[in-house]
Amino acid sequence: MTPETFCEHFSTFAEAPNGVAKLRELIMQLAIQGKLGTHDVNEEPASVLRSKILAKRKRLVESGEFTAFATDTEWPDGALPYSLPNGWEWIRLGELGGFLGGGTPSKERAEFWDGKIPWVSPKDMKRPYMDDAIDHVSPLGVENSSGKMIPKGSLLMVVRGMILAHSFPVALAMRELTINQDMKAMQLALPELGEYMLRCCVACKSLMLASVERSSHGTCRLPTEAVANFPIPLPPLAEQRRIVLKVDQLLGLCDELAARQAARREARSALVGATLDRLVSVGSAVAFPSHSHRLRDHFDRLFDTPTTLPQLRQAILQLAVQGQLVPQNPNDEPASKLIDRIVAQKTDLIRDRKIRNSNSHTSRDAVVETDELPYGWSWVTLDAITEIGTGGTPPTGTKEYYQDGTIPWITSSATNSEFIAQPEQFITQEAVDACGLKIYPAGSLVVALYGQGKTRGQVGQLMFDSTSNQACAGIRFFGDGLEIRDYVRLVFRKKYHELRALAAGGAQPNLNGGMIRLMRVPLPPLYEQKRIVSKVTELLSLCDALEAKLTQAESASTQLLSAAVHHLLKH
């Protein structure tokens, strides 16, 4: 594949996952390798330009404009990453001019910070052209710090900070300014090199980051020696200008493609949302078929990426708990009778002191709901039909609570699995007794009350008797209530994140045992529950299969783009 052929299929490659971002990187790589069709063999070779740069740099050093950083005289083996077109030259970044450092004036001197000179730090380095900064200093502040005034047209770069773990921020100074000590500025011997060098440094990000050093406490830094000796591909000056124009043209096209893709994603998401909202909010059995047929007729267009599947899964669960997923049977025993039996069984267990009374005032009669339910369904609070408790953590410094323990003890991270099949840790009976922990029997549900990242789960079913830490609520079923467990787990799958959103706790809202007890469950007749669970399982399995198919298609598209990129860069 040639660059010309690639450009013909530009928009097609952009449709691959992260395709636009990859195209941006490819454009920059092709540019600095001379593969964008900008080369002219009749132009003055870059060797002449290199000589002019070094001569001008020498004069600036002799005049005291800046101090030149000593660079290597020869290229070590493997230092040059690829071959250049005829007429191009390799040049070290440090040979392009001189480095200027930065500094921070004393924060205790207000007069150092009342000026109009932009004081650029890494937090400002989010754009390619730097004409201002968040903070400003006075001339007196610059004089009383290790910083220097940086001339307009200098190349600014971050050389210290955690951002170097993944990025190499570079910008071109559009006015005179100063910088802090986490940055370096390259004052170019020939300012007209600036636009090309800016794009070249962006393109060389991955190679530059390979030189980043990390301290024992994780701080990243780019040694000045590594930056100064970094190899830069130098085209003739006229070709540099053509490269800049071509790169900007292609990146502009990338911007247009990205905007169109974002608009399509937004429109698709809105269409999917509107279609599913109409489906789950229909008020009659007459309207439901027409909406479901519309969904069926446009299914392939609506759900053509993996990102649309979560909405479909939630719609399936919503239809399930609304009684619109399977047909009702008027001969099924109503849920009210099932609830009466479970409540009576719980009362007997409380009377026999086999379980504790939660005293949460969550009887079925206390449940007030305005949402209309299908015939035979009833609202009930979870506490009325189950036993709910929370756990705790035995003091970790007490060895007898953990050493030779045989009782499983889990944390909220276990609920990342739908079925919790492996204990995380074991504690002793002494720890259980001392901390008043409850042991939930196998088959109980465990709900994550709080946590984030890897520890933020949802709801899992215990496959063994276990106790838990305080970040979990255990839900025990008994008697006839054992029959409703699978349906209750389905309700949790629908309502869990809604509960989290209503909970207190800021960015990571926390549930608590009281909220779990008060959770209201729309309970169908028992046999309808079984039909619902079976249908949901079937439909969610189809969603999983569709997601796998769409993901595989996206992976194939990504591999095709990667192969094309590899071919272009290697030939």
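Q: Which residue in β17 does Pro 408 stand opposite?
A: In this predicted model, Pro 408 stands opposite Phe 426 of β17.

Q: Why do strand β15 and β17 count as paired?
A: Strand β15, residues 407-410, is joined to β17 by 3 bridges. Pairing requires at least two bridges, so these strands qualify as paired. They run antiparallel.

Q: What makes β17 and β20 the edge strands?
A: The open sheet has 3 strands in the order β17-β15-β20, with mixed pairing. Both β17 (425-427) and β20 (467-468) pair on one side only, and they are therefore its edge strands.

Q: Why is α3 called roughly antiparallel to α9?
A: The axes of α3 and helix α9 (residues 237-280) cross at roughly 175° and come within 10 Å. Angles over 145 degrees count as roughly antiparallel, so α3 is described in that way relative to α9.

Q: Which residues in α3 meet α9?
A: From α3, Val 20, Leu 23, Arg 24, Ile 27, Met 28 and Ala 31 take part. Their partners in α9 include Ile 243, Leu 250, Asp 255 and Gln 261. By class, this contact has 12 nonpolar, 1 polar and 2 charged residues.

Conventions. Residues are numbered from 1 along each chain as its sequence is written. This is a predicted model: local features need pLDDT of at least 70, side-chain atom pairs count only at pLDDT 80 or more; totals for chains, interfaces and linings use all residues. Side-chain values use heavy atoms; hydrogens and water are left out. Axes are lines fitted to C-alpha atoms, for helices over the stretch in contact, and angles run from 0 to 180 degrees between N-to-C directions. Helices (H or I, at least four residues) and strands (E, at least two) are DSSP runs, numbered from the N terminus. Angles under 35 degrees count as roughly parallel, over 145 as roughly antiparallel, 65 to 115 as roughly perpendicular and the rest as oblique. Contact means heavy atoms within 4.5 Å. Ala, Val, Leu, Ile, Met, Phe, Trp, Tyr, Cys and Pro count as nonpolar, Asp, Glu, Lys and Arg as charged, and the others, Gly among them, as polar.
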